[in-house]
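Subject: Structure handover

Hello,

Here is the structure I said I would pass on. Please have it open while you read the notes below.

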Amino acid sequence: MIIQGTNRQGDVHETCDVVIVGTGSGGGTLGVYLAERGWDVVMLDRGGFFRAEDFTQREEDGMADFNGRRGLDSTADNAYFLNYAEAIGGCTVHYWGDSFRTPSDRLQRWREQHGLDWMHERELDAHFTQIERELGIHIAGEELFNENNRLVRAGCEATGIAGHAVPTARIDCIACGWTQFGCAYNRKSSQHITTIPRVSKVGGRIYSDARVDGITIENGRARGVSGVLVDRATKAARGRLRVDAQFVVLAGGALGTAELLLRNVDDPTVGRRFYMNPHYFVWADFGRRIDNNTGIPTAYAVDGKRIVEYDANGEYAGGGYIMLTNHQSPGIFATMLSEIGPKHAERMRKYHQLGSVMSVIDEEHPGRVFLDDNGIRRTSFELKGVDRLKAVDYLKNASRIFLAAGAQEVWIPDVYGTIVRNEHDIETKIGLRSVRPNAQFAAGSHLIGTAPLGTDPSDSFAGSTGEAHRVANLYVADGAAVPTSISVDPSLTIMGVARWIAAGLHERAGRAGS
Amino acid sequence: MNPLSSHPGMNRRSFLRTTAGGTAAIAVASLLPAGCSRDYPAAGTDGYTLLALTPKEYAVMRATAEALLADVPVEPALVAQRVDTELAAVGEPVRTDMKTVLRIMQHATPLGGHLRAYTALEPADRLRYLEGWARSRFGLRRAAFQALKGFTHFFAYYDDRTRPITGFIGPWPELLDLPVKSVDYGEIA
């Protein structure tokens with residue numbers, strides 16, 4: 001049953017086996033695993049419940065309805081726009097559906113550096129396979145490629161930089177192009193149309209508009225959560241909410257989970273590592289109309305530079321990022337350009353003839369999530385050290401790819417108005433100043449790592465099972481649990497980890513076989 | 001966007017003071033407001049009831065839209081009103097941060113070599129003033145510029161009158177009339 005908190009009057013008191021705070025990649029996956037095996041499940045999400053008919057595809061509606069802080073959140077210094085969702089289905093409502101399995105090198109790092117022995121293909125493959133089957137994850141076929149995707153592929157072939165079609169989570173996609181403001185046709189496999197209905201139909205109760213503020217902890221054990229049901233439009237409280245449960249699972253995303261923990265648990269590891277895979281956006285003017293509005297935004301990814309390389313002297317030699325083909329709606333695009341006045345208007349008029357990619361920088365230096373003096377959640381992030389070099393290398397190689405594909409000029413949308421038309425421009429005009437904070441619009445949408453798993457309690461919030469080191473029966477099963485940057489979209493990793501944690505919880509609770 | 005404040009234990013004012021250029025900005029911002037009401041010749045609200053901004057902050061926002069959106073078919077007052085509405089809805093920390101940006105922008109014009117407050121500048125001078133902030137070597141000034149520019153442009157270009165400038169035809173479901181797959185959610189209350 002889906003219960004919209006915005007429609008309720010009065011207080012709510014639930015009792016269940018497990019309460020899950022968050023309904024996205026982690027919460028939805030874990031919730032359906034347990035609910036379909038007989039667990040009495042209650043799920044809570046601070047965001048609203050939206051269906052296909054609610055998705056107008058207008059950016060102003062999508063940003064206001066289900067983007068965190070109405071799409072206006074950023075790091076404290078305003079250098080990185082933070083893109084995350086608050087809705088039933090979490091970030092999968094607005095994600096692009098890119099569904100990469102966790103790279104082997106990352107699993108190896110987590111085993112070796114964080115003691116997570118189970119982070120291995122032999123443990124995770126069965127979970128990934130099941131999730132891929134349920135969500136219809138498949139390699140994007142030619143029917144999903146728009147012209148921007150094809151141009152980037154052509155540029156990769158011409159430059160020798162490797163790229164591949166992406167695995168994408170959609171079934172019977174009609175390639176209408178827009179997915180960032182919710183799929184209006186129920187073709188993208190978001191959690192709100194996949195796992196959540198299944199939880200609902202086996203007796204689970206899913207509350208939207210349910211803001212959790214407290215974790216009930218008695219004698220070192222989590223016993224439930226508390227909060228309020230809110231009016232969706234005004235966010236005013238409509239009634240108190242209390243859920244008593246044998247187990248509490250946090251799956252509110254890297255920001256939501258960290259905020260809840262910072263308010264309730266004294267653990268210095270919370271919020272100490274905050275990864276976002278910084279996105280820098282490059283635009284290429286082809287001097288003619290480019291179809292970048294149909295198909296899917298990212299049918300093709302440039303992955304040949306994913307692994308960072310160092311020379312014999314240990315100096316950075318390139319790589320450490322991937323590129324995703326990209327499109328944006330006019331308002332967001334307008335925000336991304338650094339020009340003002342007539343120059344800005346001139347560039348806006350070229351919107352329809354632009355190709356674009358965005359970076360996924362595999363950063364080594366994380367930021368932080370914290371509560372400020374007023375108790376408000378904030379984030380800080382600084383592109384440092386080798387990560388700055390990765391960003392510059394990305395800007396250069398993105399430019400090369402587009403020029404090789406026939407672009408007349410490539411825009412680095414920084415405040416210096418950097419435009420490149422040839423290799424000489426690339427080498428002389430693109431440098432570190434372009435990636436200084438607030439020298440150009442940048443963003444982060446792969447938000448992870450704020451309550452990480454690991455075997456060392458001084459360096460991780462939860463152990464290898466997902467259970468908190470310092471609070472029994474309290475689990476974390478979302479992006480917050482992921483130890484470090486993944487280097488690709490994290491959604492499938494989060495789902496796989498959540499399903500593994502769910503299976504372990506089910507087994508340890510003595511319910512295996514049910 | 002929340003361009004100010006920095007890390008645990010640091011409030012907005014102390015952040016400004018630790019940032020080169022911010023020291024001057026906060027000094028100017030704290031000294032000038034009392035005597036500069038004459039620099040708000042258009043500090044009215046265009047008949048609109050403000051929800052989050054003060055009339056002076058509204059005037060700064062409208063003056064920014066006027067400078068940034070010359071020849072763009074959207075009324076500066078409408079953009080300022082949209083920003084006000086949005087700031088009322090989004091709450092903290094975005095609201096207070098943006099209001100701080102507006103106040104600093106208004107009173108830090110001496111940093112750009114101007115003796116008059118921001119709203120009293122001609123639009124072309126405002127544009128040059130903003131360009132100075134955009135390319136400043138001080139991070140705080142670039143942050144304030146990006147916040148102000150971002151709000152102005154976003155709330156100007158999500159508009160059926162401005163979208164056509166871009167050649168964007170939109171994926172509007174009501175026009176596409178494509179089939180929606182049904183989903184059985186079980187009971188919905």
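This is a predicted model: local features need pLDDT of at least 70, side-chain atom pairs count only at pLDDT 80 or more; totals for chains, interfaces and linings use all residues.

Chain A overall

Chain A contains 12 helices and 23 strands. Its radius of gyration is 22 Å, close to the 24 Å that the globule rule gives for 514 residues, so chain A is as compact as a globular protein of that length. Along the principal axes, the C-alpha atoms of the chain fill a box of roughly 65 × 50 × 45 Å. Of its 514 residues, 62% count as buried. Among contacts in chain A with a separation of 6 or more, 75% are between residues 24 or more positions apart.

A helix pair in chain A

Helix α5 (residues 147–159) and helix α10 (residues 386–404) of chain A have axes that come within 7 Å and cross at roughly 100°. The two helices, α5(A) and α10(A), are therefore roughly perpendicular to each other. On the α5(A) side the contact is made by A:V152, A:G155, A:C156, A:A158 and A:T159, and on the α10(A) side by A:R400, A:I401, A:F402 and A:A404. By class, the residues of this contact are six nonpolar, two polar and one charged.

Backbone points in chain A

Most residues other than glycine have a negative phi, and most peptide bonds are trans. Two residues in loops of chain A are worth a look on that account.

- A:R70 is not a glycine, yet has a positive phi of about 55°. It lies in the loop between α2 (59–66) and β4 (81–82) of chain A. With 18 other C-beta atoms within 10 Å, A:R70 is partly exposed.
- A:K235, also a residue other than glycine, has a positive phi near 65°. Its place is the loop between β10 (221–230) and β11 (237–250) of chain A. A:K235 has 15 other C-beta atoms within 10 Å and is partly exposed.

Where the chains meet

The contact takes 58 residues from chain A and 56 residues from chain B. On the chain B side, the elements that give two or more residues are α3 (55–68), α4 (76–90), α6 (123–134), α7 (139–157), α8 (163–166) and α9 (173–176). Of these, α7(B) gives the most, with 11 residues. The side of chain B that touches chain A has 33 nonpolar, 12 polar and 11 charged residues.

Helix α4 of chain B and what follows

α4(B) has 15 residues and reaches 21 Å from its first C-alpha to its last, close to the 21 Å expected at 1.5 Å a residue. Which residues of α4(B) are buried? They are B:P76, B:V79, B:A80, B:Q81, B:R82, B:V83, B:D84, B:E86, B:L87 and B:V90. These buried residues pack against α3, α5 (94–107) and α7 of chain B.

After α4(B) comes B:G91, whose phi is positive, near 75°. The peptide bond from B:E92 to B:P93 is cis, with omega near 5°. B:P93 sits in the loop between α4 and α5 of chain B.

A loop residue in chain B

B:E122 is found in the loop between α5 and α6 of chain B. Is B:E122 buried or exposed? B:E122 has 10 C-beta neighbours inside 10 Å, so it counts as exposed. B:E122 and B:Y158 are 36 residues apart along the chain, and their C-alpha atoms are separated by 27 Å.

Regards

Key: Residues are numbered from 1 along each chain as its sequence is written. Chains are lettered from A and ligands numbered from 1 in the order in which they are written. Axes are lines fitted to C-alpha atoms, for helices over the stretch in contact, and angles run from 0 to 180 degrees between N-to-C directions. Helices (H or I, at least four residues) and strands (E, at least two) are DSSP runs, numbered from the N terminus. Angles under 35 degrees count as roughly parallel, over 145 as roughly antiparallel, 65 to 115 as roughly perpendicular and the rest as oblique. Two residues are in contact if their C-beta atoms, placed from the backbone, lie within 7 Å. Ala, Val, Leu, Ile, Met, Phe, Trp, Tyr, Cys and Pro count as nonpolar, Asp, Glu, Lys and Arg as charged, and the others, Gly among them, as polar. The expected span of a helix is 1.5 Å times one less than its number of residues. A residue is buried if 20 or more other C-beta atoms lie within 10 Å of its own, exposed if 12 or fewer, and partly exposed in between; C-beta atoms are placed from the backbone. The radius of gyration is taken over C-alpha atoms; the globule rule is 2.2 Å times the number of residues to the power 0.38.
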